[in-house]
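Keep the sequence and the 3D view at hand as you read.

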Amino acid sequence: MVAHAETVQKPRHPFLAFAARWLFTTNHKEIGTLYLWLSFLLFFIAGTMAMFMRMELFEPGIQFIEPLFYNQILTLHGLVMVFGAVMPAFVGLANWMIPMMIGAPDMALPRMNNFSFWILPFAFTLLLSSLFVDGGAPNFGWTFYAPLSTTYGPPSTDFFILGVHLMGISSIMGAINIIVTIANLRAPGMTYMKMPLFVWTWLITAFLLIMVMPVLAGVVTMMLTDRHFGTSFFDAAGGGDPVMFQHIFWFFGHPEVYIMILPGFGIASQIIPTFARKKLFGYHSMVYATASIAFLSFIVWGHHMFTTGMPLFAELFIMYATMLIAVPTGVKVFNWVATMWRGSMTFETPMLFAIGFVMMFTIGGFSGLMLALVPADIQYHDTYFVVAHFHYVLYPGAIFGTMAAVYYWLPKWCGHMVNERLGKIHFWTATIAVNMTFFPMHFTGLAGMPRRIPDYSLQFADFNMVSSIGAWLLGLTQVLFLYIVIKTIRGGQKASDQVWEGAEGLEWTVPSPAPHHTFETPPVIAEDYGP
Amino acid sequence: MTSSAGGLKSGLIIPILWGLPHVSVASNIDMRPGVTAMSERIQQIHHISLWVCIVVGIIVFGAMFYSMFAHRRSRNPTPATFKDSALVEFIWTLIPILILVGMAIPATTALRDIEDNDNSDMTVLITASQWKWHYEYLNSGISYYSNNATPDEQIDNLEPKDEHYLLDVDNALVLPTNKKIRFLITADDVIHSWWVPDFAVKQDAVPGFINEAWAHIPVAGVFRGQCAELCGIGHAFMPIVAEVRPEEEFDAWIEEQRIAAALAGEAAVAARAKTWAMGELMSIGEQVFVKHCATCHERDGVGQGSKYPALKGSEITTGPLPDHLGRVMDGKSDTEMQAWAPQLSDLDIAAVITYERNSWGNDVGDLIQPITVYEAR
């Protein structure tokens, strides 16, 4: 060991040193930063695809994009947003914040942490490179239903399958790391029922991940063997069943949508008490509600499949179970309102995004409840009503949640306060744009516009034009967000350690910016710490 | 509008909802009421749930906005300290459950009726394929394909779009009024979904499996829908048109179709007997190509990458005639190139092959007669 320490290293080229630092880092903060930047990059790539789609949908007729290419960017938009933008952003936040919130020096498995990040750039390179191969990118929607994706899939489907495998491995490793960290590295005195809610929601999310990512891996492997090794899992001609694909996919896919929202619940539950200067109302019920939602997410997958010809009994069971999700979700929303009630509120940018999150996620929740009713779903299914629904839970839900978190913790990460004026401009333009984009989709869907079409009949023209203008505005506001983040990293008003007057939690006891290593010796958790 | 039994029950359970489903919402932003009893019932379920959401939304968002106004620091400098209440949690768990039960009852009764496919008066077998519908009247033996009829010129913005842009077909599905019509729905290639909003029928067409749905349509008229499941590049161009006619007119139509089928058989015999000239075949062939082949292979035969190969200068279209004929008639398995033998007449197949071999710079110069196609069948 001594000999090693004394070895004199040749000074490296600055670029090599830079690359080596980020390539080999095992520090949770640096890996968190990597995750966040990757997700930001992929958010812009997938967002650009949405801009192209809205350009084609601006008017009826085929103007810019042929149907084949439209289907490709439609597919990649969904896949990259889900697996590349939302999930890595939440994992990045988990990496940065969970050790600091539970008083741990780092993640429990730092090398695996590095590995689980560095798989991702390769996974997405593989996936996105399919745009440039003969036959084009996958063109069957992010849900890749068989047999459109198996027998009829383009050659690049295999790129997609391997890409999904890599993302799955990364997610499983990330989830294991988070569970192990929370289980083992909490500071003495930080009992489970004292953990910040962001940690709780991520713990539950991590369990969802390790339960369903293998299912996704299974289904894409079955696709692979159907395509190349003569099996017929999803081909009726060989004794298989295309609808079985949907059962397996949605057994992954429904918990997946909660994977994309539960950490957002955690973020709102951190931010609202801070700016209401009041403890979170109903901490215990928040934990139980999160766990109930996670449990219910496993028995409702069939609500994506009400038109596939399920038997009456299955439809009824799934409908009732789905409606039941409204109960714990409602409890969460009521608790946030009760937290605000008789607080002493100020409305800094993170609070604005958190309130926007609660309100607009609730709108998505309402349409979700409507979609649960099977007879009505027969009319809603595969229309723009569904597009409106899931964009409401994902954009002002998952993505506003992530943005709220960035505005909330960025001063802790880089030591500078965010310019409040710019932050507020970002919030208000994004809020106007997100509603302008997605609210009219409820109407086009109810009027009968199917989803995933590059061209539509004339009756849908007005609302589509509004959506397109909203979407471009929304795209622009995110460029402003990028500018705000870079500007804050480079300078600005110095942040105090406390940052926000009403904030509670261990992350606010370390300096701003947070030093490379924090809590090398566990902090003392006060008796009265906690919710 | 009269309320159904389902609407009644929910009305008894939650009186506040009783009147609300009947409050009309501006028609272009609401779910279409449709024309069947079931579609009206479904619209009512939609209204019940919509109004539940609106009322709950007003209460919750109202509380939030009031709180944001009254409990801001400038008005309420000292925050309260309460953080828990088992009673409140219990109440706001219980009330949503009661509301949900109220919503579930009409949904359950309606669903039970939707799934009751028994005692139908007639059956239509609907078979979807990329990107068209095939209708077969199982009680009368009539069958035909229904293709998109919106011309490419309108899609490509070269001509003004007409009223039923993308919602027009060459052969509509003709149905009688006041019959319980059972639809059997399946597909040949990928999953499609047959949807006519005004009948509130949306059922996936799954290759290898047969799904059921039904409609009882009280009024005559033309009703339009679209494929609702992503099925490839022609997904947006797969409309459904149902023409509902009074029963006598429907019966007359069936009779006409029987006669037309007999005449088509005679025409096919005549076409076989005739020796067609190059010019005739080329002009028929162009029409067939534009209608059936151009979606994938493009009007100018250049194709779209290896998935939809170019026909211009390709080995098949400039190679030996029997290979070309075989590919068109039997298709290519496991690709979107389908078998056209069951879909097109001898003349159409002969014409389109002749067209492909002598267009866009292909100059094989040969032509093929309908009789050759007939013999190859």
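Find Ala398(A) first: this residue sits in helix H15 of chain A, which covers residues 384-414. Helices here are DSSP runs of H or I with at least four residues, strands are runs of E with at least two, and both are numbered from the N terminus. Before going on, note that this is a predicted model, in which local features need pLDDT of at least 70 and side-chain atom pairs count only at pLDDT 80 or more, while totals for chains, interfaces and linings use all residues. Residues are numbered from 1 along each chain as its sequence is written, and chains are lettered from A and ligands numbered from 1 in the order in which they are written.

Is Ala398(A) buried or exposed? It has 27 other C-beta atoms within 10 Å, so it is buried (buried means 20 or more other C-beta atoms within 10 Å of the residue's own, exposed 12 or fewer, and partly exposed in between, with C-beta atoms placed from the backbone). Leaving aside residues up to four places away in sequence, Ala398(A) touches Val86(A), Met260(A), Ile261(A) and Gly264(A); contact means that C-beta atoms, placed from the backbone, lie within 7 Å. Lys412(A) is 14 residues from Ala398(A) in sequence, and their C-alpha atoms are 21 Å apart in space.

Next, look at a pair of helices in chain A. H9(A), residues 262-276, packs against H12(A), residues 326-340, at an angle of about 15 degrees, with the axes 9 Å apart. The axes are lines fitted to C-alpha atoms, for helices over the stretch in contact, and angles run from 0 to 180 degrees between N-to-C directions. The two helices are therefore roughly parallel (angles under 35 degrees count as roughly parallel, over 145 as roughly antiparallel, 65 to 115 as roughly perpendicular and the rest as oblique).

Now zoom out. Chain A has 17 helices and 0 strands. Its C-alpha atoms fill a box of roughly 65 × 60 × 45 Å along the principal axes, and buried residues make up 62% of its 531 residues. Among contacts in chain A between residues at least 6 apart in sequence, 83% join residues at least 24 apart.

Finally, chain A has a partner: the contact between the chains takes 78 residues from chain A and 80 from chain B. On the chain B side, H4(B) gives the most, with 14 residues.

How values were computed
Contact = placed C-beta atoms within 7 Å.
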